[in-house]
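This briefing sets out the architecture and packing of the structure shown below. Its points are grouped by topic.

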Amino acid sequence: MVKFIGWAGSLRDGSYSQSALDIAIAKAAAQEVTVERLDLRQMTLPFCTGAESYPDYPDVETFRAKVKEADGILLVTPEYHGSVSGVLKNSLDLLSFEHLSGKVVAMMSVLGGQTNSNALNDLRVILRWVHAWVIPEQVAIGQAWQAFTPEGQLSDPKLDERVDKMIASWIQTTRKLREASA
């Protein structure tokens, strides 16, 4: 069985990144795929020091185990100062090749301003460095303050369709790579 997980790199209440993650997980569910949502707001993760273990932070081992068991990873980052959030970067820094190598990753970013790919390009480099497989489809949600309906859905039907296509590609690619490595 193929296992999927996802998390967002925002800790803010009412986070648009968390909303985008919820939308993507719902779209996967519509394709009969369950994505386990890892909520970094509910975990106590330290700043990465490069240590192999963090005995005072049991959530690190839980987090690492869940990522290691997964076949596909869905990541959502707010774009801060033209790049990935420190929260998302720190979560990835707590992981290593052992956890991320060979994982199929789908990525989304959420921006307050105009849509661009800065954070996604940086995230792609980070993930390539640890030998993850990043699918070519990606979604950047610009002007987040007006991109979501009050019910938490995307306002733009074309953007919504792009998320559908990204999720479908992520699921299909993950299954194909899992079958090829079995």
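The model is predicted. It contains an open sheet of five strands, paired in parallel and ordered β2-β1-β3-β4-β5. Helices α5 and α7 lie across strands of this sheet, and the largest nonpolar core has 29 residues.

**The sheet**

- The edge positions belong to β2 (35-37) and β5 (133-141); each has a single partner strand, so one side of each lacks a neighbour in the sheet.
- On average, neighbouring strands are turned by 20° against each other, direction ignored.
- Strand β1 (residues 4-8) runs parallel to β3 (residues 72-78) and is joined to it by five bridges; within this pair, Ile5 has Ile73 of β3 as its bridge partner.
- Seven bridges connect β3 and β4 in the parallel sense, and Thr77 stands opposite Ser109 of β4.
- β4 is also joined to β5 by six bridges, again with parallel strands; here Met107 has Gln138 of β5 as its bridge partner.

**Burial of strand β4**

- Seven of the seven residues of β4 are buried, so the strand is largely enclosed by the rest of the structure.
- In a regular strand, side chains alternate between the two faces of the sheet.
- Both faces of β4 are covered: one side carries the buried residues Val104, Ala106, Met108 and Val110, and the other carries Val105, Met107 and Ser109, which are buried as well.

**Helices across the sheet**

- Helix α5 (residues 118-129) lies across β3, β4 (104-110) and β5, and runs at about 160° to β5.
- Helix α7 (residues 157-181) lies across β1, β2, β3, β4 and β5, at about 165° to β5.

**Nonpolar cores**

- In the largest core, the residues that touch the most other members are Leu74, Met108, Ile141, Ile167 and Trp170.
- At least two residues of this core come from each of β1, α1 (16-30), β3, β4, β5, α6 (144-147) and α7.
- Beyond its neighbours within four places in sequence, Trp170 contacts Phe4, Ile5, Val35, Gly72, Ile73, Leu74, Val104, Val105, Ala106 and Ile135.
- A second, separate core comprises 26 residues, among them Trp7, Leu88, Val105 and Ala140.

**Packing of helix α3**

- The axes of α3 (residues 86-93) and α5 come within 12 Å and cross at roughly 5°; the two helices are therefore roughly parallel to each other.
- At this contact, Leu88, Lys89 and Leu92 of α3 meet Leu123, Ile126 and Leu127 of α5.
- By class, the contact of α3 with α5 has five nonpolar residues, one charged residue and no polar residues.
- Leu88, Asn90, Ser91 and Leu92 are buried in α3, and the buried residues of this helix pack against β1, α2 (58-69), β3, α4 (97-100) and α5.

**A buried lysine**

- Lys27 is located in helix α1; its relative accessibility is 12%, and Lys27 therefore counts as buried, the cut-off being under 20%.
- Setting aside neighbours within four places in sequence, Lys27 is in contact with Asp160, Val163, Asp164 and Ile167.
- Although Lys27 and Val163 are 136 residues apart in sequence, their C-alpha atoms are 7.9 Å apart in space.
- One of the residues in contact with Lys27 is Ile167, which is also among the residues of the largest core that touch the most other members.

Terms used:
Residues numbered from 1 in each chain as written. Predicted model: local features only at pLDDT ≥ 70, side-chain atom pairs only at ≥ 80, totals over all residues. Heavy atoms only, no water. Pairing = 2+ DSSP bridges. Helix = DSSP H or I, 4+ residues; strand = E, 2+ residues; numbered from the N terminus. Axes fitted to C-alpha atoms, helices over the stretch in contact; angles between N-to-C directions. Contact = heavy atoms within 4.5 Å. Core = buried A, V, L, I, M, F, W, Y, C linked by side-chain atoms within 4.5 Å. Buried < 20%, exposed > 50% of the residue type's maximum accessible area, 1.4 Å probe, protein only. Parallel < 35°, antiparallel > 145°, perpendicular 65-115°, else oblique. Nonpolar A, V, L, I, M, F, W, Y, C, P; charged D, E, K, R; others polar.
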